[in-house]
Amino acid sequence: MSNANAQIEQIARQEYKYGFVTDIEADTVPPGLTEDIIRFISAKKEEPEWLLEWRLKSFRHWLTMTEPTWANVHYPPIDFQAIRYYSAPKQKKKLNSLDEVDPELRATFEKLGISLDEQKRLSGVAVDAVFDSVSVATTFRAELASKGIIFCSFSEAVKEHPELVKKYLGSVVPYTDNFYATLNSAVFTDGSFCYIPKGVRCPMELSTYFRINSAGTGQFERTLIIADEGATVSYLEGCTAPMRDENQLHAAVVELVALNGASIKYSTVQNWYPGDKNGKGGIYNFVTKRGKAFDNAKLSWTQVETGSAITWKYPSCILQGDNSVGEFYSVALTNNYQQADTGTKMIHIGKNTKSTIVSKGISAGHGQQTYRGEVKIMKGAENARNYSQCDSLLLGDKCGAHTFPYIEVRNSTATMEHEASTSKIGEDQLFYCQQRGISAEDAVSMIVNGFCREVFRELPMEFAVEAQKLLGVSLEGSVG
Amino acid sequence: MLEIKDLRAGIDGKEILKGLNLSIEAGEVHAIMGPNGSGKSTLASVLAGRPGYEVLGGSVTFEGKDLFEIPTEERAREGIFLAMQYPVEIPGVNNIYFLKAALNAKRKHHGEEELDAMEFLQLAREKMKVVELDEAFMNRAVNEGFSGGEKKRNEIFQMAVLDPKLAILDETDSGLDIDALRIVAEGVNTLRSEKHAVLVITHYQRLLRYLVPDFVHVLAGGRIVKSGGKELAEELEQKGYDWIEQEAVEVAQ
């Protein structure tokens, strides 16, 4: 093997740094899924009857479905009856402030460098910390409330704003949507809820940190964000998970609703445990994320995916209203034996709708990466425009990159542009950097960072910093 | 400064340099000329440590140290700069950021304090004037979308900022028009001092009109077959390389 490849591989092999397990007494149900378990979850969460019915309806539908197999990922069959569907950190009483949060939980966040205190004091970011399935603390609630913004855990929203939840839950991702989304609809335990009232511009980035903790516990988050007419919000989702030997299933659902003239920006940095360097362990991340944009509304997905053993994820936009805009900016890194099948769907329904797709895939080690994107221009979508760009970067010679763009145009006034490229970090590039005195490690991170630049600049500042760290190589300085 | 003794080197199992001797002292400008395939670029690559090239015999010392014991990036930090024949594009990486990282890696190596953004910018602006590069170049990606001439000027700009002890110019003149040639030569001339040495590798004599060498060597068949002063370059320009090769064959016999 050549020298440059050896260096690249050494850098790619850096071990996952966030592997530790927090010892918190969990309230856990026996493994398996039955109507009783669903009733238990619903009762535990003191849910209204309509929600229990919705869950049961989903469960009964799920029983008729089969797991999708079309994705370009390979893994042993999942035993859905071996999974525990509920696990919540035990809380002695309801928390009124951050100070009452379990000290061990706080310590975990601090190990990750995302101390709530720090977040609160320094960055002005309101953090709704989701630990396993139950929200532990929510900050800045009062300040947001003064603008009429609701930012709380999903369970709280069910209790305090049932009319909003009932109106929008499943309105973008119906309970029949797909195998994993339907499973989520049946068993979701918690997540985040956000409502921005008419004409309000949310004064801060809303942020949630997820952390999968209990061994063998599937995570089923449910997130619902509603931007009312003319409202604007930027939402950040970031994740790290402790090291595990067994695979953990994560099947979240995120629904975004951007009403007329509203704008939602949803940014994700995902760094769940990817498995060890031989491909053992790691998170299965099967997520359904979708937004619906009404007239003149805008949806923007930005994601940096570095974790998980398997990623199956297609944040999508339904551009229903006239002049609505959808964007998808993605960086996905797979190394060792990670597999990712990710991309987006842009469904143009309204007139003059516009979508942009910029996807950057980086494969290292034995990583396999697939971009799968669908752009659909419906009959009534006069003057729709799409621009797609899918670039792949290979590090070393054992990894792979695959691109599956699907384009379906039913209106002849559409304008479609598609660009794709695959490149390799060449020995020439490495040598050029080294000849200028830059170490191979710095050179690789510089080149990778340069490759991702178009996506990183879409991220909010503080997240761009996180994203660089999570790429697994130090990507000092080239953002901003 | 640089002492090459009986150097034999090649690529893919093929010996290209077959016993090359050359000695360069600080303050000198040497030109190596030769026909295609004579081993000019191999010499530049071996000195800079390009992967894939194998050293088969002989020795090279740089400031008394065994060059082949020093990894590529350290050679650069120690003061060897190679202006490349084909500068590589690095998409998305800011030109000025790249160069700052390079300079600071060097400064760190020498135990000097790293320059901050402002200090570096000041230095860069100064050096850009030398090669008549527009400031817009700073914010473009490394060599991306640069014309051939711009790439070469960028190499000389980098050289000016990094201030190497030994600058090796590998066919820097190829593909340059007469104005660019002059700019490049002037850029190199500003580096000339009693502390610096320059090794110019070229096929043609035209760069040497602006960048006048102290010594000219003719490389043929992997060896230096003739050395002389700057007038040797003119002789080559008039007569071509055939007579040299002929002479070399006769000598070998």
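Two strands are taken to pair if DSSP finds at least two bridges between them. In the predicted model described here, this criterion is applied to a strand of chain B, E3, which spans residues 29–33. Four bridges join E3(B) to strand E11 of chain B, residues 215–220, and the two run parallel. Within E11(B), His217(B) is the bridge partner of Ile32(B). Strand E3(B) is also joined by five bridges to strand E10 of chain B, residues 197–202, again in a parallel arrangement. There, Ile32(B) has Ile201(B) as its bridge partner.

A residue counts as buried if 20 or more other C-beta atoms lie within 10 Å of its own. Five of the five residues of E3(B) are buried, and the strand is therefore largely enclosed by the rest of the structure. In a regular strand, side chains alternate between the two faces of the sheet. In E3(B), Val29(B), Ala31(B) and Met33(B) point one way, whereas His30(B) and Ile32(B) point the other way, and all are buried.

Along the principal axes, the C-alpha atoms of chain B fill a box of roughly 60 × 40 × 35 Å. Of the 253 residues of chain B, 46% count as buried. Among contacts in chain B between residues at least 6 apart in sequence, 72% join residues at least 24 apart.

Key:
Residues numbered from 1 in each chain as written. Chains lettered and ligands numbered in written order. Predicted model: local features only at pLDDT ≥ 70, side-chain atom pairs only at ≥ 80, totals over all residues. Buried ≥ 20, exposed ≤ 12 C-beta atoms within 10 Å, placed from the backbone. Contact = placed C-beta atoms within 7 Å.
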